[in-house]
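Please walk through this model with the sequence and the 3D view side by side.

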Amino acid sequence: MPFYLSDTRNFISKLTPKKAWNAIKLYSSYQLTKWRSSSIVWGLPMTISFEPTTACNLRCPECPSGLRSFSRATGNLKADFFRESISQISSTLMYLIFYFQGEPFINPDFLDMVKFASEKNIYTITSTNAHFITDDVAKRTVESGLDRMIISLDGTTQEVYEQYRKEGDIEKVLQGAKNMVKWKKKLNSQTPHLVFQFLVVKPNEHQIKEVYKLAEEIGIDEVKLKTAQVYDYKHGNPLIPTNEKFARYAIQPDGTYKVKNKLLNHCWKLWHACVITWDGTMVPCCFDKDAKHTFGSLRTQAFREVWQNDQAQNFRSKIREGRDKIDICANCTEGCKVWVSA
């Protein structure tokens with residue numbers, strides 16, 4: 001993976017001895033748990049995904065937001081609740097990802113929340129389809145202090161792009177990206193680090209070289225190729241790439257598919273990260289899109305209490321008994337190669 005000096009320097013500038021010590025405690029307790037019959041967690045999560053909204057303007061076929069198929073409640077994250085929650089753990093938090101489901105820029109308070117987190121010296125990230133990044137929004141985004149912006153660009157032509165990004169307009173995406181590059185230059189800002197994320201699926205795999213060229217022409221800092229998760233993969237799926245290098249699933253002699261990498265019965269993510277839905281529910285990770293495996297609510301309990309309560313510890317113990325017995329873990333790629341190079 002390429003080394004991006006300015007982005008790395010920016011992240012290091014936000015580190016403190018307290019954050020580093022918390023990370024050491026988390027990793028130590030994770031390793032110790034492998035040798036114990038029960039799970040222990042020292043410290044608070046160093047990475048959190050906070051969901052700004054469940055709403056989205058697109059209709060992507062493998063996304064609950066796009067399919068409008070949630071069984072959980074939907075809505076927008078409230079800024080006052082966000083500030084209260086983050087303040088509890090800001091001194092130990094390294095990464096704050098403003099994304100779970102939905103399009104973050106739909107939330108009218110999104111950039112105010114980014115600015116609050118940035119002022120707390122937290123490295124902030126978001127993922128967007130870039131349809132709402134007008135000239136004014138781009139300026140405000142740079143001014144908010146956002147550290148990294150991932151722009152989903154799953155095709156280099158409208159015909160290919162819209163095969164996965166249903167109801168999307170690639171010209172809006174590219175203009176949004178250009179607006180961001182423009183205001184970074186105008187404000188003489190190194191941030192946000194701009195990434196084109198190319199979700200490799202069968203309809204677009206022939207355009208991989210083109211996305212690198214497009215990124216260079218616009219002035220995007222980085223391109224990442226991401227393998228795609230599909231729900232119905234056992235008997236094949238029209239989204240699975242023909243080049244197995246870019247697929248999470250491998251075809252078997254009988255013609256069926258399985259997850260390519262071995263599923264290990266432990267998960268570092270459960271020790272260093274978690275996801276908070278828009279309404280304050282803590283869930284294990286981004287694979288629990290419908291929030292079926294809840295640890296508790298930050299609206300009724302302090303962050304530390306939910307992070308280390310019985311539900312959370314029981315889930316961590318359960319995965320050690322067999323990852324394939326948990327629905328969201330059976331199709332997971334933790335420890336697998338999700339990011340790939342061309």
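What follows is a guided reading of selected local features.

The model is predicted. Keep that in mind at each stop.

Start with the aromatic side chains. A pair of aromatic rings is described by the distance of the centres and the angle of the planes. The count for this model comes to 14 aromatic pairs. Take Phe-11 and Tyr-123. Their ring centres are 5.7 Å apart, and their planes meet at 80°. Planes over 60 degrees apart count as edge-to-face, so the pair of Phe-11 and Tyr-123 is edge-to-face. The two residues come from distant parts of the chain. Phe-11 belongs to helix H1, residues 5-13. Tyr-123 belongs to strand S3, residues 123-128.

A second pair joins Phe-98 and Phe-110. This pair is also edge-to-face, with 5.6 Å from centre to centre and 80° between the planes. It too links distant parts of the chain, with the partners twelve residues apart. Phe-98 sits in strand S2, residues 95-98. Phe-110 sits in helix H5, residues 110-119. Phe-98 is buried, and Phe-110 is buried as well.

Now widen the view around Phe-98 and Phe-110. Both are members of a cluster linked by ring pairs.

The charged end of Lys-186 sits over the ring of Trp-183, at 4.9 Å from the ring centre. At Trp-307 the charge comes from Arg-316, whose charged end sits over the ring at 4.5 Å from its centre.

Return to helix H5 and look at its packing. Two packed helices are described by the angle between their axes and the distance between the axes. Helix H4, residues 79-87, packs with H5 at an angle of about 20°. The axes of H4 and H5 lie 10 Å apart. How do H4 and H5 run, relative to each other? Angles under 35 degrees count as roughly parallel, and H4 and H5 are therefore roughly parallel to each other. Their crossing is right-handed.

Next, the cysteines. How many disulfides does the model hold? The count comes to zero. Cys-56 shows one reason. The closest cysteine sulfur to that of Cys-56 is in Cys-60, and it lies 6.1 Å away, too far for a bond. The cut-off for a disulfide is 2.5 Å between the sulfur atoms. Cys-274 is in no disulfide either. The nearest cysteine sulfur to Cys-274 is that of Cys-285, 10 Å away. Are these cysteines buried or exposed? Cys-56 counts as buried, at 18% relative accessibility. Cys-274 is buried too, with a relative accessible area of 2%.

The loops hold some backbone details. Find the loop between helix H8 (170-186) and strand S5 (193-200), where Pro-192 is located. The peptide bond from Thr-191 to Pro-192 is cis, with omega near 0°.

Two residues other than glycine have a positive phi. One is Asn-121, with phi of about 65°. Asn-121 is placed in the loop between H5 and S3. At 30% relative accessibility, Asn-121 counts as partly exposed. Another is Ala-130, with phi near 70°. Ala-130 lies in the loop between S3 and helix H6 (135-144). Is Ala-130 buried or exposed? Its relative accessibility is 0%, so Ala-130 counts as buried.

His-206 lies in the loop between S5 and helix H9 (208-218). His-206 counts as exposed, at 54% relative accessibility. From His-206 to Phe-315 the separation is 109 residues in sequence and 40 Å in space, C-alpha to C-alpha. Arg-59 is found in the loop between strand S1 (47-50) and helix H3 (64-67). With a relative accessible area of 36%, Arg-59 is partly exposed. Arg-59 and Ser-38 are 21 residues apart along the chain. Their C-alpha atoms are separated by 42 Å.

Technical notes. Residues numbered from 1 in each chain as written. Heavy atoms only, no water. Buried < 20%, exposed > 50% of the residue type's maximum accessible area, 1.4 Å probe, protein only. Phe/Tyr/Trp six-rings, centres within 6.5 Å; stacked < 30°, edge-to-face > 60°. Helix = DSSP H or I, 4+ residues; strand = E, 2+ residues; numbered from the N terminus. Lys NZ or Arg CZ within 6 Å of the ring centre and 35° of its normal. Axes fitted to C-alpha atoms, helices over the stretch in contact; angles between N-to-C directions. Parallel < 35°, antiparallel > 145°, perpendicular 65-115°, else oblique. Left-handed = near helix turned anticlockwise from the far one by under 90°.
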